Protein chains: 2
Amino acid sequence: VHNRFALVGADFGAWTIDALKPVRGPGLDKAARLTVRRLASDPDPHPVVWRLEGQMSNLRYATRREVSDLRARQEGLGRPSARRAAMIPIKKSAAWWDLAQDERRAIFEDQSRHTAIGMDYLPAIARQLYHCRDLGQPFDFITWFEYAPEHAVAFEDLVARLRDTREWTYIEREVDVRLALA
Amino acid sequence: VHNRFALVGADFGAWTIDALKPVRGPGLDKAARLTVRRLASDPDPHPVVWRLEGQMSNLRYATRREVSDLRARQEGLGRPSARRAAMIPIKKSAAWWDLAQDERRAIFEDQSRHTAIGMDYLPAIARQLYHCRDLGQPFDFITWFEYAPEHAVAFEDLVARLRDTREWTYIEREVDVRLALA
């Protein structure tokens, strides 16, 4: 499937899992390493501890101005300097999904400044969102961040600011997985 | 998978296919009957001609006022009087998906009045949208309409009005399948 990815916790994979902790709701089982791969119909080559699937898709809230700003400032995944990463899968509540588009946009950006906060850390902290709600997955989104070790403090700041927003009151499950290229 | 459906063209199924024609781009192969079923992991019990999969999901453009109006006026699928249906799968262009949310909303509703046009035919013509773009399907959406035979003329009017919108200039594939309960 085009642009479908699997993020797999196992005893193999390019990323070492340095920390894995539940933030809200159930966590994920302990695993040593993580791999991100474009999904194929092949089964995983080895036993896995868990596997999350997500789809790269279009942005759901950003305006043209925001999209243009993001594209002008963001850099892609896989930069050689980006030897740290975080995978933070989240699930929002039924109350969130029952909101209309204008209500979700108002909370997401006008009140919570989700895009604007992320923009403050570009290009240092690269981001990728995987959508999974419509795939019947346990999370609605897998958020993925990559950065150089010298931006680790900035990353903690970014995460703290997002968790302090009104949008985050709609999060009913969140797990925080920190990663390093060994 | 929760709320995932398969719409299957085959020689079995509750709905008789009265007409099947390509509107834009490639059509679908001729089949005698259609069935809609909640997707299970079971394979189809018999050979199928084609099978489309889609996911019921949240509304992407409607405001709170529009959602409230829709909920107040629409009726569900499966009414005993609704012995006619139409399945119209559509695929939008890359140019559509490259638009930002505010641009898509402006075309969808402010210019094309997509929700408002549908509202004009409620409750007579019941509608259900299945999302399939993020499932790697050949179409982005499967639109489904159900109505009583006496509303067939109104339905033609609804379809003609939608096809005459600016939104429809972004449709690059569309097939029109008309159905009846035998």
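A salt bridge here is a side-chain nitrogen of Lys or Arg within 4 Å of a carboxyl oxygen of Asp or Glu. By that rule, Arg64(B) pairs with Glu103(A), their closest N and O atoms being 2.9 Å apart. This is a predicted model, in which local features need pLDDT of at least 70 and side-chain atom pairs count only at pLDDT 80 or more, while totals for chains, interfaces and linings use all residues. Residues are numbered from 1 along each chain as its sequence is written, chains are lettered from A and ligands numbered from 1 in the order in which they are written, and side-chain values use heavy atoms, with hydrogens and water left out.

**Where the two chains meet**

- Contact (heavy atoms within 4.5 Å) links 26 residues of chain A with 26 residues of chain B.
- The size of an interface is often given as the accessible area lost when the parts come together.
- Between chain A and chain B, the buried area is about 2,000 Å², and carbon and sulfur atoms give 37% of that. Buried area is the accessible area (1.4 Å probe) that two parts lose on being put together, summed over both.
- The rule finds six salt bridges across the interface of chain A and chain B.
- Across that interface there are also 20 residue pairs in polar contact, both residues being at pLDDT 80 or more. A polar contact is a pair of N or O atoms within 3.5 Å; within protein, one must be able to donate a hydrogen and the other to accept it, and residues adjacent in sequence count only if both atoms are side-chain atoms.
- On the side of chain A that touches chain B, α1 (64-73) and α3 (101-111) of chain A each supply at least two residues. Helices (H or I, at least four residues) and strands (E, at least two) are DSSP runs, numbered from the N terminus.
- α3(A) gives the most to this side of chain A, with four residues.
- Sorted by class, the side of chain A that touches chain B has 10 nonpolar, six polar and 10 charged residues. Ala, Val, Leu, Ile, Met, Phe, Trp, Tyr, Cys and Pro count as nonpolar, Asp, Glu, Lys and Arg as charged, and the others, Gly among them, as polar.

- Gln101(A) lies in helix α3 of chain A, and with a relative accessible area of 7% it is buried. Buried means under 20% relative accessible area, exposed over 50%, and partly exposed in between (1.4 Å probe, protein chains only).
- Not counting residues up to four places away in sequence, Gln101(A) touches several residues, including Arg60(A), Tyr61(A), Leu59(B) and Gln101(B).
- Leu59(B) sits in the loop between β4 (48-55) and α1 (64-73) of chain B, and at 43% relative accessibility Leu59(B) counts as partly exposed.
- Leaving aside neighbours within four places in sequence, Leu59(B) is in contact with Gln101(A), Arg104(A), Val67(B) and Leu70(B).
- The C-alpha atoms of Leu59(B) and Leu129(B) are 9.1 Å apart, although 70 residues separate the two along the chain.

**Salt bridges**

- Side chains of opposite charge can pair when their charged atoms come close.
- Over all chains, the structure holds 28 salt bridges.
- In chain A, Arg105(A) and Asp110(A) form one of them (3.9 Å, N to O). Arg105(A) is buried at 19% relative accessibility, whereas Asp110(A) is exposed at 55%.
- In another, Arg161(A) meets Asp120(A) (3.1 Å, N to O). Arg161(A) lies in helix α5 (residues 152-163) and Asp120(A) in the loop between α4 (114-119) and β6 (126-131) of chain A, so the pair ties together parts that are 41 residues apart in sequence.
- Arg161(A) counts as partly exposed at 32% relative accessibility, and Asp120(A) counts as partly exposed at 48%.
- In chain B, Arg105(B) forms a salt bridge with Asp110(B), the closest N and O atoms being 3.9 Å apart.

**Cysteines**

- Cys132(A) is buried at 1% relative accessibility, and Cys132(B) is buried at 1%.
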